[in-house]
Amino acid sequence: MSAEVYRDTWGIPHLRAADARELAYAQGRVTAVDRAWQLEVERHRVQGTTAAFLGPDAIGWDVFARRARLADTARRCFEALDTATAEWVTAYVAGVNDGLADCAADRPGFAETGVEPGRWEPWTPLGVWLSTHILFAGFPTKLWRERAVAVLGPDAVELFATDGPGTAGSNGWLITGEHTATGAAILAGDPHRFIEDPGVYQQIRLSCPQYDVVGLAVPGVPGIAHFGHTGSVAWAITNAMADYQDLYRERLRRDGTGVAALGPEGWAPASVHTETVEVAGAAPVTVEVIETDRGPVIIGGPDAPDAISLRHPPRVTAALGFAALPALLRARTADDVDRAFDEWVEPVNVVQAADTRGGHLHRVAGRVPLRHDTNRVRVVPAWEAAHAWTGWAPMPRAEVSGTAVMANQRGLAAPLGVEFAPPYRADRIAALLDGSHAWTPERMSAIHTDTDLASARPLLRLLGALKDLTPRAAALRDRLTLRWDRRMEADSADAMAYATVRERVVRHLAAHPSFADLAELPPLPDLFLPWLALTPRIAFALETILTTPMLPELDRVELVRVALEEVAAEGGEFAPWGEAHRLAPWQALPAPQEWPGLAGDHDCVLSTSSVPGLTHRSARGPAARYVWDLARREDSLWVVPFGASGAPDSPHHRDQLTLWVRGEPARVVTEWSELRRETMYEAHADGPTVYEEKIPDFGTVRLRPLDPSGDADLIHSWVTQERARFWGMRDADRAYVEETYAYVDSLPTHHAFLLLLDEEPVGLFQTYEPGADPLGECYEVRPGDVGVHILVAPAPGPARPGFTGVLMNSLIRYVFSDPAHERIVVEPDVRNEKSVERMVRSGFVLGEEVQKPEKRARLAFLERPPTRPFPEPSGGGGRA
């Protein structure tokens, strides 16, 4: 399998291949090259083996992954795929494995933990998708509701409902052509997730004769599922906030060596086996894995006071919806996107799409079971037939007129969920869109970065009503209620003052006797405790708690007064909001670093979420931003929080972070001539190929990267012959040759290749950037210059005239196959008259003589021809 890899100035990979399977291989391989450590962590997360190298802190996830049977579900879903999709996924996995084998060993993370790169199975990408989204629908919230209702009564569901406000957030909007400057639609938005380093989205381009798509991929998963632009149609999603995962309270008992579970029809055998979680620096943990007819038991067991199983669509249907992924890549219209998403299962999303013909799409996609309303709210008894699943809910859709906004609000998906995000982000985006016309991609940044905090109104109203305050408290009240513009800008001290008062109010509420019985965490697995912590629940339900008639014993006015007086009494000036509201990304191996300050807040369009009452730092936010322009794809924009590479030593590891913080997206490059050709991958027995050309009546010319150790004997035998005296290594020993090419291999600007003809080594070829070489000091380097060195091996048989010329023409074609290369530069020794003459015969124009440290050289240049990029391949000639 082969494919060309290009990069733009941000290091974003643009892949081009002969067909879709080769392209999938290339996507897997380039992802392994760019995100090796990230992929290794994801593979272990699927298997529940992260504690083996991350230590005791990872035990909770590993136990859950084993008990929830994530790997087994992924296997089932892969086995149920249609043949074409399965082969496509398998090609991606082959690329991942080849890429990891080639590059993982020298990536940070592996050396630090002692982990050896593992091998991906064909089902692993499905496991990555599943592990990424298993907590996405928030089934642990049902554990919280169960507890809150038991303490406060049924009204607790409404009291803590996320509509006022929520814990999830993504924005998306569609602008039809009548409201844009070009008359073509624009799609824009930003998915909000926990920010991870490396990022959870991968900017990429996938091009083959069947399609040419740019978009945001999930590392470890082939294709572009969530946000893509094919040129004629673009699509995007947000979390629909649907409820499609159920928790069942199980009654289990030991039955000899097995376990039985009580269901609607009586006791039935459950599957059971044990697994061992290895833990770095601690004793291993034994896990009993039990599955009833409802699903895997994720909490408790037959020997525990309680047992709870999880039922969710992928485990029931053996499907995630992966057949939609290749269909999306082939989409040409909004109708094509619609049909592709008919196959979707997990997670349930709101989808928007627009095409160049004027077509639009606004729908929900996924699988939501039909069942008793109580299933959607709380843990339900497994032995009651009323709580069984009875079918699948129809997916709502809506017409698009002018603009359409999706921001997790109670809207299109309302029949499918229980709790939704508050309407503030959706309302603010709609107001901004309605307030102007002739929208362009560049103007979308003003929406992406809007910091108006409408959810501050209830607390500000209470503050404004306070009387008989101390002078300092009165001044702070007036500052917030009369002079603050309600914007959470990073440089705003007023925003920090509001956040400080809000934090104090949340803390006082969490300490109020009304909530005392909810303050103590229950004896549940640590993984679920964040959903059960009281302070975050109060923080995210603050508006409801401050305005509801429930809890009449709660004197809200007095509580706010006390909080305001405390903050005022502390005195001093408030720092800018961004000094406290800093990015706090998740890292598998955390490293001390001061992350940048951020604007925004949970209910702003710029939804950089902190947890009031606990921390001002932001672990959630826009995991990417995109603007898809249907008039000209090259005017589209995108940015991610960090960069294209997951390797800390790469210049593209965090080069987009400054853009992301400022809200300045990068341009999506679509012209191949603006990209730098990096390499071409091809699977061969003796290693990857960077170039291959079949020349009639001559043979197949191939270049593969030189192996400094494995090829040292061969190269040493060539460079120490008298005919290679101008190579400068006549007296070198083998060790020197190996050391020299190991050094060349370590340089990102210099590359050495073995030249093969019909798999027989026939020469050594090197390329380099003259500006990063001593040659650059001898002439005026131009953009697009590339230097080359060529050594043709001694012929074992009779000489064939013209042999070197044919090879030379092929190598020229290789160099000019990279659109970034405008001129080839050579520098043969002035005494090497045969080499100088050969360059002239190949079209090089002689330049001046220059003095290099090791020789006096004759410069020669070959410009890229203006019409044909390089000479056509032709046969003839023999070996010289």
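Modeller: Helices are DSSP runs of H or I with at least four residues and strands are DSSP runs of E with at least two, both numbered from the N terminus. By that definition, N408 is placed in the loop between strand 21 (403–406) and helix 13 (424–434). The model is predicted, so local features need pLDDT of at least 70 and side-chain atom pairs pLDDT 80 or more, while totals for chains, interfaces and linings use all residues. Residues are numbered from 1 along each chain as its sequence is written, and side-chain values use heavy atoms, leaving out hydrogens and water.

Colleague: How many helices and strands does the protein chain have?

Modeller: There are 28 helices and 34 strands in the protein chain.

Colleague: Why is N408 called buried?

Modeller: A residue is buried under 20% relative accessible area, exposed over 50% and partly exposed in between, judged with a 1.4 Å probe and protein chains only. N408 has a relative accessible area of 3%, and is therefore buried. N408 also has a positive phi of about 65°, although N408 is not a glycine.

Colleague: What makes A150 count as buried or exposed?

Modeller: The relative accessibility of A150 is 67%, and A150 therefore counts as exposed. This residue is found in helix 8 (residues 140–152).

Colleague: Which residues of helix 13 are buried, and what do the buried residues of helix 13 pack against?

Modeller: Y424, R425, A426, I429 and L433 are the buried residues listed for helix 13. Contact is defined as heavy atoms within 4.5 Å. The partners of the buried residues of helix 13 include strand 3 (170–175), strand 21 and helix 15 (457–464).

Colleague: What makes a group of residues a nonpolar core?

Modeller: The group must consist of buried Ala, Val, Leu, Ile, Met, Phe, Trp, Tyr and Cys residues joined through side-chain atoms within 4.5 Å. In soluble globular proteins, nonpolar side chains tend to be buried together. Here the largest nonpolar core holds 185 residues, of which F160, V337 and V505 touch the most other members. Helix 1 (residues 20–47) gives this core its largest share, 11 residues. Another core, of 29 residues, lies apart from it and includes L755 and I812.

Colleague: Which residues is F160 in contact with, leaving aside its neighbours within four places in sequence?

Modeller: Among them are W144, L152, F515, R537 and I545.

Colleague: How do you know whether the radius of gyration of the protein chain agrees with that of a compact globule?

Modeller: The radius of gyration is taken over C-alpha atoms, and the globule rule is 2.2 Å times the number of residues to the power 0.38. For 880 residues, a compact globule would have a value near 29 Å; the protein chain has 31 Å, which agrees. The C-alpha atoms fill a box of roughly 100 × 75 × 55 Å along the principal axes, and 59% of the 880 residues count as buried.

Colleague: Which peptide bonds are described as cis?

Modeller: The bond from D197 to P198 is cis, with omega near 5°; P198 lies in the loop between strand 4 (186–194) and strand 5 (202–208). A cis bond also joins E346 and P347, with omega about -5°, and P347 is in the loop between helix 12 (334–341) and strand 16 (349–355).
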